[in-house]
Amino acid sequence: MTTPTVLFVHGALVRDGAWWWRPTAALLRDRTGVESRAVALPSCGETTDGGGLAEDAAALRRALDEVASADGTAIVVGHSYGGTVIAEAGPHPAVSHLLLVSSYLPPVGATQGSITSDEPDPVAVRQDADGRIVVDGYDEDTFGARFLQDADERTRREGWSRVTSQDVRAFGTPTTATGWSGVDSTAVVCTDDRSTTVALQRAHAERATRSVDLPTGHHPFTTRPDLVVEQLEAFLP
């Protein structure tokens, strides 16, 4: 059986998905020999062409096409907004499994903004002078306390340096597909998450094949790669 490739789709309002994913990528390679990479999201300014949700989904489809062209299969890991990207990317024959980490499995017609609209303490955002969405009212300390409370000081600092603006269309474009439907999937519920409530995570996890609780904050692939690799190992031949 062919060893799969792991593709990581990061969340909203950050850049450099490879940095966020690096601890898990290194441990996964050491334990299993499986290679992985992060998908660059145009809406976060990670490509020169830019765009919103549609362009992010197209970037994921291109990565999956590359895997398929080599007769391979892919495990796709979506974090937070990354689950909405997976949904919009639609079904793809290269996808063997999905791992959704504190993420979403939205129905057709949902927007990223509507998914989180009922949260009791939503992450504050605003539009900047260029009309892009940015986090509002955070600094290195408050960002770290909310999103990376289980990380060390250096990781919090480096995470804050990777916060970025994002195209408003990433938040306001309704999904037109359900790429999670019909695919074996595990939803990871991060029970110490201070960004996304456990209730919202569980509501979306009900659409997955199975769910598992991890005692982590919002970014376990950065802070507890061992726990994430354990979940990925369950998918490996």
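Reader: What volume does the second largest cavity have?

Author: The second largest cavity in this predicted model has a volume of about 40 Å³.

Reader: Which residues line the second largest cavity?

Author: Its lining consists of Leu100, Ser102, Ser103, Ala187, Val188, Val189, Gln201, His204 and Ala205. Strand S7 (185-190) and helix H8 (198-205) each supply at least two residues of that lining.

Reader: And how do those residues divide by class?

Author: Five are nonpolar, four are polar and none is charged.

Reader: How many cavities of 30 Å³ or more does the structure hold?

Author: There are two cavities of 30 Å³ or more. The largest cavity contains about 60 Å³ of space.

Reader: Let us turn to the cysteines. How many disulfides does a search of the whole structure find?

Author: The search finds zero disulfides.

Reader: Is Cys44 buried or exposed, and what of Cys190?

Author: Cys44 counts as buried, with 3% relative accessibility. Cys190 counts as buried too, at 0% relative accessibility.

Reader: Now the aromatic rings. How many aromatic pairs are there?

Author: The count comes to seven aromatic pairs. One of them is formed by Phe143 and Trp160, with 5.5 Å centre to centre and 50° between the planes, and this pair is tilted.

Reader: Where do Phe143 and Trp160 lie?

Author: Phe143 is in helix H5 (residues 140-147) and Trp160 is in helix H6 (residues 153-160), so their pair ties together parts that are 17 residues apart in sequence.

Reader: What is the relative accessibility of Phe143, and what is the relative accessible area of Trp160?

Author: Phe143 has 3% relative accessibility and counts as buried, whereas Trp160 is partly exposed, with a relative accessible area of 24%.

Reader: Which residues form one aromatic cluster?

Author: Tyr138, Phe143, Phe147 and Trp160 form one aromatic cluster.

Terms used
Residues numbered from 1 in each chain as written. Predicted model: local features only at pLDDT ≥ 70, side-chain atom pairs only at ≥ 80, totals over all residues. Heavy atoms only, no water. Disulfide = S-S within 2.5 Å. Buried < 20%, exposed > 50% of the residue type's maximum accessible area, 1.4 Å probe, protein only. 1 Å grid on protein atoms, 1.4 Å probe; cavity = no way out; pocket = protein on both sides within 12 Å on 5 of 7 lines; lining within 4 Å. Points joined across faces, edges and corners; volume = space filled by probe spheres on them. Helix = DSSP H or I, 4+ residues; strand = E, 2+ residues; numbered from the N terminus. Nonpolar A, V, L, I, M, F, W, Y, C, P; charged D, E, K, R; others polar. Phe/Tyr/Trp six-rings, centres within 6.5 Å; stacked < 30°, edge-to-face > 60°.
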